[in-house]
Amino acid sequence: MPYSFHSHSGQFCKHGYGLLEDVVKEAIRKGFYTYGLSEHMPRYVDTELYPEEIEACCTPHSLGITYNEFITEARRLQPIYKDKIQLVIGAEIEFINQDYIEHVNQLKNKADYIVGSLHHVSGIPIDFSPELYQQALKHHNNSLKQLFIQYFNEQYMMLQSVQPQVIGHFDLIRIFADQSLAEETLLDKDVWACIVRNIDMVISYGGLFEINSRAWKKGLRDAYPQRNIIKVIQEKKGRFTLSDDCHGPQDVGLFYNKLPVYLRDNDIHTIYYLGYDKDKKVIVHEHMNILNDAFWNRIREW
């Protein structure tokens, strides 16, 4: 009966595709028990727009309208499909600068949970394209170590300030780096100290670390987080959830066929997932013996 708590659609995201309702229908068809709808939050100044949004003549104001339309549509879908799937409605946040503390706190009045992600370092997008990643690297003196440290420092500020329930792609910073160098850099003692500090922060307030299968779409060896990071989270009794980081209907359950081996290899047998209590507040549930769930056998029929 697995889960995902990180998803998008082309209806409300310029780099996604398809309708939100079709994402929900596909999640039902594939046997998901709970599915999180977590569209990107708006950005608030013109310089924060992505090239695709500029091309589509988006503005910070129009992005705000789009997110509100997402919330309306997600709330419409919840009761329609409640007998087939539990939909949890949230937002994937940005933390481009400290102004986002207030933006996110206001967003919490609309979204039931927050996916805490970092897509920019020193204001430069890191996951939009290899070219922008190289720009961010150049800004940090072409030092992968400096770039990684800055990423985890900004992530720490986000974690400390807004305490998201789900941590989005914890080590996204390795996305466009040479993978052998990325792994070596992660294990550098100064970078590693930042990683451990951030793990401690998430555990201190009870956040969930998503195991994000979309990393495999990018050709990475490991899902997010990388296995050395998973080991520390486990040692510190941190909690994991699952996410496909879907960007359209055919992305639902993306690379979930690889998850059982990844979970087993990393000795993960308990997964945590979000749901609602009787007062419609989001709470965390535990799913033990996750690898024994019949969901995994059905993947072959997708």
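Two strands count as paired if DSSP finds at least two bridges between them. Strands here are DSSP runs of E with at least two residues, helices are runs of H or I with at least four residues, and both are numbered from the N terminus. Keep in mind that this is a predicted model, where local features need pLDDT of at least 70 and side-chain atom pairs count only at pLDDT 80 or more, while totals for chains, interfaces and linings use all residues. Residues are numbered from 1 along each chain as its sequence is written, and side-chain values use heavy atoms, with hydrogens and water left out.

Let's start with strand β3 (residues 86–92), which pairs with strand β4 (residues 113–116) in the parallel sense over 3 bridges. In β4, Y113 is the bridge partner of G90. Together with helix α4 (residues 100–107), β3 and β4 make a right-handed β-α-β unit; right-handed means that, with the strands pointing away from the viewer, the path from the first strand over the helix to the second runs clockwise. β4 is covered on both faces, with Y113 and V115 buried on one side and I114 and G116 buried on the other. Buried means under 20% relative accessible area, exposed means over 50%, and partly exposed is in between, using a 1.4 Å probe and protein chains only.

Next comes strand β9 (residues 239–243), which runs parallel to β8 and is joined to it by 5 bridges.

How enclosed is strand β8 (residues 208–212)? 5 of its 5 residues are buried, so β8 is largely enclosed by the rest of the structure. L208, E210 and N212 point one way, while F209 and I211 point the other way. In a regular strand, side chains alternate between the two faces of the sheet.

I211 is also among the residues with the most contacts inside the largest nonpolar core, which has 95 residues. Such a core is a set of buried Ala, Val, Leu, Ile, Met, Phe, Trp, Tyr and Cys residues joined through side-chain atoms within 4.5 Å. Helix α6 (residues 144–162) gives the most to this core, with 9 residues.

Now for helix α5 (residues 130–139), where L132, Y133, A136 and L137 are buried. They cover an arc of only 150 degrees, so they sit on the same side of α5; the arc is taken from the directions from the helix axis to the C-beta atoms. The face turned away from them carries the exposed E131 and K138. On the buried side, α5 packs against β6 (124–125) and α6, a contact being heavy atoms within 4.5 Å.

Finally, look at the charges. A salt bridge is a side-chain nitrogen of Lys or Arg within 4 Å of a carboxyl oxygen of Asp or Glu, and by this rule the count is 18. D171 and R174 form one of them, with their closest N and O atoms 2.7 Å apart, and both residues are buried. Another joins E183 and R221 at 3.4 Å, N to O. E183 lies in helix α7 (residues 179–186) and R221 in the loop between β8 and α9, so this pair ties together parts that are 38 residues apart in sequence.
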